Amino acid sequence: MEETETGESIRRLDYEAKITGRAQYLADMKVPGMCHGKILRSPHPHARIRSLDTSKALSIRGVLAVLTRDDIVKDQGIDPYYGPVFKDQTIVAVEKVRHVGDPVAAVAALEPEAAEEALSRIEIDYEEMPAVLDVSEAMAKGAPLLHESVRMPPHGFADLAELKPVEGTNICTHFKLVKGDVEKGFAESDYIFEDTFTLPTTQHCSLEPHGCIASVERDGRIVVWSTTQNPFVVRTQLANIFKVSVSKVRIVVPYLGGGYGGKVYPKLEPLTVALARKARRPVRIVLSREEVFYTITKHAAVIRMKTGVKKDGTLVARQCEVLLDTGAYAEIGPRVAKKSGYTAAGPYKIPNVKIDSMSIYTNRPPAGAFRGFGVSQSAWAHESQMDVIAAALNMDPLEIRLKNGYEEGSEFVTGETLSSLGLKSCVEKVAAAIGWKEKRAAQPNGPVRRGKGIACMIKATITPSISCAVVKLNEDASATIYTGTVEMGQGSDTVLAQIVAREMGISAENIQVLGVDTDVAPYDLTTSSSRSTFHMGKAVQLAAQDLLNQLKQIVVQDYGVPPDQVKFSNGRVQFLETVLDYQEILFKRFGMQGGTLVGQGQVKTKVTHERGVKTTSSFWFLGAGAAEVEVDCETGKLRLVKYVTAVDVGKAINPLGCRQQLEGAAITGMGQALFEEIVFDNGQIVNPNFVDYVLPSLGDMPPSIEPILVEVPHLEGPFGAKGIGETALIPVAPAIANAIFDAVGVRIRDLPIKAEKIFLALEEAKKKL
């Protein structure tokens, strides 16, 4: 086992259940009386529903219920409108459909085949309407509106309270940020650079598709098993939709087969509950891979960037316009746009900044959270342009980043002071590992050219937020952790157990982390934004400390020892000349019948600290990446030779788990950079499967991916730890693009980077010679 000052590389606690196949995922589950649900989806990107006839579907043997707009509009016990930010989405389409794949009706039947046949028997008369299929069309004067008006929730997220739809347009939200005087900054600059960068719509590609089982009991209580990353948010949304208290809604999360942001906020749950309510029995719906593509995507983006610099490379002013295609419904797009906007200027000290970041409604499937939460889009632009600037100034790309990069005590674009910042250390370490000083080494013979590129990033976590935890010390001195953090492959159960184990001096193998059940687990906002180690980790640490304090009080009361003489070490209590283990203390207090102690911990981050300092983020994600590539000048073929990623982890609780997270995120970034793209034809997805939607294979990976852990502890994290799950993904695409430019002198501004784009850019460059 590898050990560091803080952490220890232990095997994951869930490894055995998963590698033996004992882990039960939602698609494996059955509940008594369960029937099967299927969804009828719109074939049109934008159309009014003239009429809908379900009589033939209901005549099919085994069909129990058909859910349509009439059921959700006429039922006084249902509010058909919902959404995490705006209530712009309905359980099934009411007046019109807004994207291909929009749910129009649903069927519950005893067998899946009967449900499928029933879908084909539902008769719908559509009136097709003009559609807007990208952000340019959506923002054009006189463009058809997706939403004539948008309902606002009574209580929204605190960090999004100021964001509202722009009436009479397809602008879902417009986030604005101004620092200094950008026009004055441009006037004072020696050079001004203007570029436009684009990114396509992509998919999360979790191995497990979305699924849900819903049961509505006779007393109206709703029980849901769901593939969700934030069960408590889903619980609140369902309570609002079905007009019951949250105590009447129970959410259980089985093993989750990946999320990457695609399983946050309500997806299938409202429809499945409504269908179960009508069928009067439990219903299970598991999406096909094609349906997943129509359910949630990553935002496509157009980013325009204008930057003013001095001759010595000092950044003076930067203006950014970020246009994010949020699809037919807001989903969590407003927060994605805000997070993208905050970091659009990059991790740099720039005195004059103007940012406009918009989420735009289009007639495409909804876009939501994706690993990086909008920052991978903005980083693609600012890190590509940093190399454009460096090349024009004949300046080293590493030097210009170190010259302008944030450091401890720097002022962020919002005016707040940054702390616990390992940015420059990350940049320096990836440069050293990639051999940056030897970057102009001899080139291979023939048409192949080598190059190296570098990129860095900064990202915020969701703030304010709250995490609560309970740790129970059992009579045999084993411990049980109750949390709302969802284990979805990221290793959170193992890390939380390690934190409690270290705090209490017991073995992680004697700690059980229970699965998430909102009837039992205390509240947690969400398992996203790479917040779990920092927030829930601190909460379980506080709960463990609460247990230690209770043990101390027992010793003080039962043994008559002064509190200052009670010490803890390696799972034992020492006082005077006595050493007792926890089990002996519990026996002393409770006797033969046994008893337990329960510790509680709560972490609540705010936008304003107690000391009056405002903050955008309770901690910051910082990292860098460096790539070495080979490019064939005759064909444009690209080969990744090596990739290095460095992330400021605060303190590594489990170094092995940290390195695995960094490598996995980097591989995801390679897919986004080089291959992945959802292709549309008049709103229809051309490649909604893993055959036509190209993912990277092992053969596409570089021979070496080197993860580097940089430790700059955070005072408020557990043992100084921060979150790391998204950081390594973000610099990958610009680092590769910068390496291509270094190799062959052409700049790719549109993802994904494919051989034909490089080839065409090379051919265009030849014409200019």
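This tour moves through a predicted model and visits ring pairs, charges placed over rings, and salt bridges.

**Aromatic pairs**

Across the whole structure, a search finds 13 aromatic pairs. To begin with one of them, select phenylalanine 293 and tyrosine 693, whose ring centres lie 5.3 Å apart and whose planes stand at 75°, so the pair is edge-to-face. Colouring by secondary structure places phenylalanine 293 in helix α9 (residues 289-295) and tyrosine 693 in the loop between β32 (684-685) and β33 (704-710), so this contact ties together parts that are 400 residues apart in sequence. Phenylalanine 293 has 0% relative accessibility and therefore counts as buried, and tyrosine 693, at 0% relative accessibility, counts as buried as well.

Next, select tyrosine 406 and phenylalanine 412, which form an aromatic pair with 5.9 Å from centre to centre and 55° between the planes, a geometry that is tilted. Tyrosine 406 is buried, and phenylalanine 412 is buried too.

**Charges over rings**

Turn now to arginine 151 and show tyrosine 81 with it: the charged end of arginine 151 sits over the ring of tyrosine 81, at 3.6 Å from the ring centre. Then select lysine 306 together with phenylalanine 186, where the charged end of the lysine sits over the phenylalanine ring, 4.5 Å from its centre.

**Salt bridges**

Side chains of opposite charge can pair when their charged atoms come close. In this model, a search of the whole structure finds 43 salt bridges.

Select arginine 250 and aspartate 519, which form a salt bridge whose closest N and O atoms are 3.8 Å apart. The pair links distant parts of the chain, with arginine 250 in strand β13 (residues 249-253) and aspartate 519 in the loop between β24 (516-517) and α15 (532-559), 269 residues apart. With a relative accessible area of 26%, arginine 250 is partly exposed, and aspartate 519, with a relative accessible area of 41%, is also partly exposed.

The next selection is lysine 349 with glutamate 407, a salt bridge in which the closest N and O atoms are 3.1 Å apart. Lysine 349 lies in the loop between α10 (333-342) and β18 (352-361), while glutamate 407 lies in the loop between α12 (397-404) and α13 (423-434), so the pair ties together parts that are 58 residues apart in sequence. Lysine 349 counts as partly exposed at 30% relative accessibility, as does glutamate 407 at 35%.

Move on to glutamate 711 and lysine 651, whose side chains meet in a salt bridge of 3.7 Å, N to O. Here too the pair links distant parts of the chain, because glutamate 711 is in the loop between β33 and α18 (732-744) and lysine 651 is in the loop between β30 (638-648) and α17 (655-674), 60 residues apart. Glutamate 711 is partly exposed, with a relative accessible area of 33%, whereas lysine 651 has a relative accessible area of 13% and is buried, the cut-off for buried being under 20%.

As a last stop, select Arg12, Asp14, Lys18 and Glu487 at once, and display their side chains: salt bridges that share partners join these four residues into one network.

How values were computed. Residues are numbered from 1 along each chain as its sequence is written. This is a predicted model: local features need pLDDT of at least 70, side-chain atom pairs count only at pLDDT 80 or more; totals for chains, interfaces and linings use all residues. Side-chain values use heavy atoms; hydrogens and water are left out. Rings of Phe, Tyr and Trp (its six-membered ring) pair if their centres lie within 6.5 Å; planes under 30 degrees apart count as stacked, over 60 as edge-to-face and the rest as tilted. Helices (H or I, at least four residues) and strands (E, at least two) are DSSP runs, numbered from the N terminus. Buried means under 20% relative accessible area, exposed over 50%, partly exposed in between (1.4 Å probe, protein chains only). A charge sits over a ring if NZ of Lys or CZ of Arg is within 6 Å of the ring centre and within 35 degrees of the ring normal.
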